[in-house]
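Please read the points below alongside the sequence and the model.

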Amino acid sequence: MAACRRRLHTLGFLGFTFLILLSFHQQKREKVLHMQELRKQHIQEICDSDKEAFLEGKNSLEDMSRKEFDNFIVDDNYGIIYCYIPKVACTNWKRVMFVLNQKKLHLDLLSLPKDFIHETDKITLLSSFPRAEIKAKLKHYTKFLFVRDPFVRLISAYRDKFQGHNKYYYENFARNILRVYGNVPNPPWSVDEAFLSDVRPSFHNFIQYLLDPQTEKKPFEAHWRQMHRLCRPCLIQYDFVGHQETLQEDAEALLRHLKLENDIKFPPSYYNMTTVGSLLNWFKTVPLEDRRKLYKLYKEDFRLFGYRKPVEILDD
């Protein structure tokens, strides 16, 4: 009898623990869903309050060029459209879209090399469809994007493209930045030579390049182009708006929303991710006036996606 009572007590304790865990996960899910509604509502309110700043003369999808849809990846199997923003977990989300496109949900996402996933022609872009189909898919498919603190994203882009051994970005951007802003009249011709000589643009040189009116005369390269200009959230109503700062829980919530939580496991964030806390250290070398100009350049991203103004680096 005593053994039976102990068994019942144990079962009761386990059942109680299970209910607590169930309640905890339910509350977590409700919190994420509530946050989604707040984010989408905020975007709509900001868009409505200042259409000129965000639409830039583009009043409908018809005003968008075909090239502007290159940042939208489509999966017709599940009816999903992902607008990717470089330096905002886009490698892993491209991996997700690849396995969906290829109907290979069993694949380990991290087994897909980074270079392959960015160069593959096996991902379907929205720009590959006729204009009528583009409009229909945007109307009926589930659309999502992920955003990030704009200044943190810039730091991440600088680290990735200019601090490492990157042939394309050295030849097409870094050499010119060194020559014009870095006081290096004759930069090394090859990335190998530059890497061995430890010659690379400083973070301030990169900011000077962004602030130069000549740079603005043509669209920014995608890794530092404003997020709202890549995904046009004032023209396209997104069903899910994820943030890099809450990447793991947002990814889980999105996969549940897409009914893919049992098929795909989103990879964990890597440990050396650029953080908001590192802003002060990065901007120490950037004069106050340039910091303020940079904020004006990315102000609409801060406003639209609910990121606070970084007063600690903008106030003297």
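1. The side chains of glutamate 62 and lysine 135 meet in a salt bridge, 3.2 Å from N to O. A salt bridge here is a side-chain nitrogen of Lys or Arg within 4 Å of a carboxyl oxygen of Asp or Glu. Glutamate 62 is in the loop between H2 and E1 and lysine 135 is in helix H5 (residues 131-140), so the pair ties together parts 73 residues apart in sequence. Helices (H or I, at least four residues) and strands (E, at least two) are DSSP runs, numbered from the N terminus.

2. This is a predicted model: local features need pLDDT of at least 70, side-chain atom pairs count only at pLDDT 80 or more, and totals for chains, interfaces and linings use all residues. Residues are numbered from 1 along each chain as its sequence is written, and side-chain values use heavy atoms, with hydrogens and water left out.

3. Arginine 232 forms a salt bridge with glutamate 56, with the closest N and O atoms 3.0 Å apart. The two residues are 176 residues apart. Arginine 232 is buried at 4% relative accessible area, while glutamate 56 is partly exposed at 32%. Buried means under 20%, exposed over 50% and partly exposed in between (1.4 Å probe, protein chains only).

4. Glu56, Lys58, Glu68, Arg229 and Arg232 are linked in a network of salt bridges. The whole structure has 19 salt bridges.

5. Helix H6 (residues 150-162) and helix H14 (residues 288-304) pack at about 110°, their axes 9 Å apart. Axes are lines fitted to C-alpha atoms, for helices over the stretch in contact, and angles run from 0 to 180 degrees between N-to-C directions.
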